[in-house]
Amino acid sequence: MPRGAKAQQPPRQGDRIQNWTLVRKIGSGTYGEVWEAKHSTLQGRYVLKLLYPYIDKAVATNEANRIKDVGEGSLNVARIMDAGYSGKHRRPYIAMSYYP
């Protein structure tokens with residue numbers, strides 16, 4: 001690791017990412033980990049897809065667009081609520097509605 005660089009912290013239950021609080025880890029896959037999350041003001045159930053730190057910004061954008069395109073006009077596909085970057089975890093994230 002380069003001198004002065006901060007180590008990546010793994011996400012944990014209770015961590016805050018912007019307006020989201022991680023509740024529990026649901027699973028993981030090719031692009032990242034999926035966490036049930038609670039928003040600070042919105043009611044409802046949500047998931048946060050925390051992409052792995054090595055995922056390129058262009059890949060993260062394509063992933064968000066893919067999810068959005070698949071969900072257009074469908075009631076059975078998660079709706080994207082928010083997207084951003086977690087500085088603490090050094091990862092992009094995508095927040096979506098949760099359909100268990």
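I first looked up Lys25 and, setting aside neighbours within four places in sequence, found Glu33, Val34 and Trp35 in contact with Lys25 (heavy atoms within 4.5 Å). The model is predicted: local features need pLDDT of at least 70, side-chain atom pairs count only at pLDDT 80 or more, and totals for chains, interfaces and linings use all residues. Residues are numbered from 1 along each chain as its sequence is written, and side-chain values use heavy atoms, with hydrogens and water left out.

I located Lys25 in strand β2, residues 20-28 (strands are DSSP runs of E, at least two residues, numbered from the N terminus). I noted a polar contact of 3.4 Å between the side chains of Lys25 and Glu33 (a pair of N or O atoms within 3.5 Å, one able to donate a hydrogen and the other to accept it; residues adjacent in sequence count only if both atoms are side-chain atoms). Lys25 counts as partly exposed because its relative accessibility is 40% (buried is under 20%, exposed over 50%, partly exposed in between; 1.4 Å probe, protein chains only).

I then searched the whole structure for aromatic pairs and recorded two (ring centres of Phe, Tyr or Trp, its six-membered ring, within 6.5 Å; planes under 30 degrees apart are stacked, over 60 edge-to-face, the rest tilted). Trp20 and Tyr46 are edge-to-face, at 5.3 Å centre to centre and 70 degrees between the planes. This pair links strand β2 to strand β4 across 26 residues. I found Trp20 buried at 1% and Tyr46 buried at 7%. Tyr52 and Tyr54 are stacked, at 5.6 Å and 20 degrees; Tyr52 is buried at 15%, whereas Tyr54 is exposed at 62%.

Conventions
Helix = DSSP H or I, 4+ residues; strand = E, 2+ residues; numbered from the N terminus.
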